[in-house]
Amino acid sequence: MAKRSKKAFYVTTPIYYVNDVPHIGHAYTTIIADALNRFKKLLGNEVFFLTGTDEHGQKVERAATEKGLKPIELADQVVGRFKDLWKALNISYDFFIRTTEPFHEKSVQKIFQKLKNKGDIYKGIYKGWYCVSDENFLAEDVPLEEGGYKICPDCGKRADVVSEECYFFKLSAYQKPLLDFYAQNPTFVRPPSRMNEVISFARQGLKDLSITRTSVEWGIPVPDDADHTIYVWFDALHNYLTGIGYDWNMELFEKFWPATVHLIGKDILRFHAIFWPAFLMAAELPLPQTVFGHGWWLKDQTKMSKSKGNVLDPHIILKTFGADPLRYFLLREVPIGLDGNFSHEGFVHRVNSDLANDLGNLVQRTLIMIQNFFSGKIEETDKEEKGDKEIRLEFERLKEKVLNFYENYALSRALEEIWTYIKSVNKYLAVNEPWKLSKDQSKRKRLGRILYQAEAALRAISYLLFPVIPGSSEKIWNFLGEEKPIEEELFSELKFDNLKLGQEIKKPDPLFPRIALKDFLKEEETQPSPARKEEKMEYINFDEFKRMDLRVGEVLEAEKVEGTEKLIKLEVDIGTEKRTMVAGVADVYSAEELVGKKLVVIVNLKPAIIRGIESQGMLLAAEVEGKATIPFFDKDVLTGAKVR
Ligand code: ME8
């Protein structure tokens, strides 16, 4: 393989599942990637920034069924939501990969075949437990619960039993090569605590990994064995290759592979730091330089996640504040490796104090004074005095520190330093009181010097902030009358006095509106919760409703369906005849307790075959935390009575 160019920087985000719409957690990883991407471009690197969506697998298949959609229809909808969000957040990715695209599917099949031909993939039988939420096979030592099932140790959800023929990947053969690789590349996983976690996991022994399913239809078919679909993680991880041209644009691929950094949340570390390098070793491809596992955003001290229903919809924040306050807050508030707790109070406080007060005020007052005292253009200054020089030198020191912090993923530290500098410049103006000098004609050059220093500092500050708050930085840059785009100045060429004398400024607009907490909370309260919003009411008319034949049914007989956990077969009298129905309620009700009960059934629903039994109708039940609660009547009602 041709050698990757030294200037190449290839950054990726996870590809997100399309089972649900994006939230702040997804926005976080993507914003980090965007900041790194923009920073590296300022350094003159050739950057490729890949993001996208993970569209196959049981989780997406189930979510689509629940919504009455085909998986691809759900994917198409959710992809739109992701793309809209990235646009609203000013994310400048180079390519958006979808794993349902034919070029990706074809390459994954080819790699699968290659590994099979090599003997790294073989056929066998998998028996064990699977967590659909994490799309993960549980380790054997996860204990059985009293009810005879297993709980996923990562997400706390109930796992499913899987017993089927499948293809295995010989992960066990890569245990030693992986451990050797970690030893030689101690910064492969960052931060270091996560590297230790990965090493100790790998040391415990790696078992071969089932990488196909026969019970999941929504996946890439195994070449020449179409009863099997490829395990969603095998499929998804390869996006990092196919997204930069592997197998379809090898020139691009060779320019950027191996990836410089895969940015991920710590939830998916094992997939990226163990499975992924093992797959690559098997495919004889170079391994990525770094996998960075960042911390989680929590809400009320619990991980924000769709299944817990505690996610924050970024659109509400975007509507009130715009992209930059959110980008700034997420990157400033906590170091990337640690968890952060999102609170509305914390957000509003940080944004008002840092952006509106410190930065916004500095921009406003500097530019307004230049406008008022020099008609927008400083033509002459006197020489630098000690305090003026200090502002320049402090910037030169700042630039080096920021470079170092950005290079080392310490974005919050970089921002902290930039804010110390913003405060120094504000103080410099307060001490020198240019508004007083403006009254004395003999101090014009001195006044010019002070405002020039503040203006030059602003130019430099906006440049350093560009990776994090690109929209606002560009605005400041443009207010200063700069003509070349901000990205065209190389970091190495950035100097305090790159600001030319005699440059005419533009009238500034307010940059960051100050928002009162109570107004923001009001906005948040008026939004439907993400879960409710998803239900998006689709009205039916009365005639459509009348077409449903809902009746009181009486359960005559009931028995548990063999080999299932939840299903009960019922014989139900619907007034005119006896019907057989299958209901998923055995985790809550016993067959015996249902006999004799009257409940609501829909009798003109098209029959469906469930576990080989024809279900000729359906009973209605409320879903409470994933479990069925059947509404029974509080008065005696006639069997077969209409329900309307
Ligand atoms: O895992 N805090 O997709 P996913 C911070 N498709 N980051 C969070 C977060 C939170 N509360 N919640 C989510 C998948 N994230 C797979 C990835 S890659 C080959 C396949 C971010 O939709 C974080 O980056 O569940 C996490 O790793 C990712 O979203 C999980 O997204």
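In this predicted model, five elements each supply at least two residues of the shell around the ligand: β1 (8-17), α1 (24-42), α7 (232-237), α8 (239-242) and β12 (261-265). Strand β1 gives the most, with four residues. The shell holds 26 residues, and I15, T29, D54, W297 and M304 come nearest to the ligand. By class, the shell divides into 13 nonpolar, nine polar and four charged residues.

A polar backbone atom of Y17 is 3.0 Å from an oxygen atom of the ligand. A nitrogen atom of the ligand lies 3.3 Å from a backbone N or O atom of G25. For W297, a backbone N or O atom lies 2.8 Å from a nitrogen atom of the ligand. Taken alone, the ligand exposes 680 Å². The protein buries 96% of that area.

A contact between two helices was examined next. Helix α11 (residues 314-321) packs against helix α12 (residues 323-333) at an angle of about 120°. Their axes are 7 Å apart. The angle makes α11 oblique to α12, because angles of 65 to 115 degrees count as roughly perpendicular and only those over 145 as roughly antiparallel. On the α11 side, the contact is made by P314, I317, L318 and F321. These residues meet A323, P325 and L326 in α12. The contact of α11 with α12 comprises seven nonpolar residues, with no polar and no charged ones.

Backbone geometry was considered last. Most peptide bonds are trans, and most residues other than glycine have a negative phi. One runs from R190 to P191, with omega near -10°. P191 is found in the loop between β7 (189-190) and α6 (192-203). The other runs from W257 to P258, with omega near 5°. P258 has its place in the loop between α9 (250-256) and β12. Strand β12 is also one of the elements that supply at least two residues of the ligand shell. S375 is a residue other than glycine with a positive phi, near 50°. This serine is found in the loop between α13 (344-374) and α14 (386-407).

Methods: Residues are numbered from 1 along each chain as its sequence is written. This is a predicted model: local features need pLDDT of at least 70, side-chain atom pairs count only at pLDDT 80 or more; totals for chains, interfaces and linings use all residues. Side-chain values use heavy atoms; hydrogens and water are left out. Axes are lines fitted to C-alpha atoms, for helices over the stretch in contact, and angles run from 0 to 180 degrees between N-to-C directions. Angles under 35 degrees count as roughly parallel, over 145 as roughly antiparallel, 65 to 115 as roughly perpendicular and the rest as oblique. Contact means heavy atoms within 4.5 Å. Ala, Val, Leu, Ile, Met, Phe, Trp, Tyr, Cys and Pro count as nonpolar, Asp, Glu, Lys and Arg as charged, and the others, Gly among them, as polar. A residue is near a molecule or strand if one of its heavy atoms lies within 4 Å of it. A polar contact is a pair of N or O atoms within 3.5 Å; within protein, one must be able to donate a hydrogen and the other to accept it, and residues adjacent in sequence count only if both atoms are side-chain atoms. Accessible areas come from the Shrake-Rupley method with a 1.4 Å probe; for residues, only the protein chains shown count as cover.
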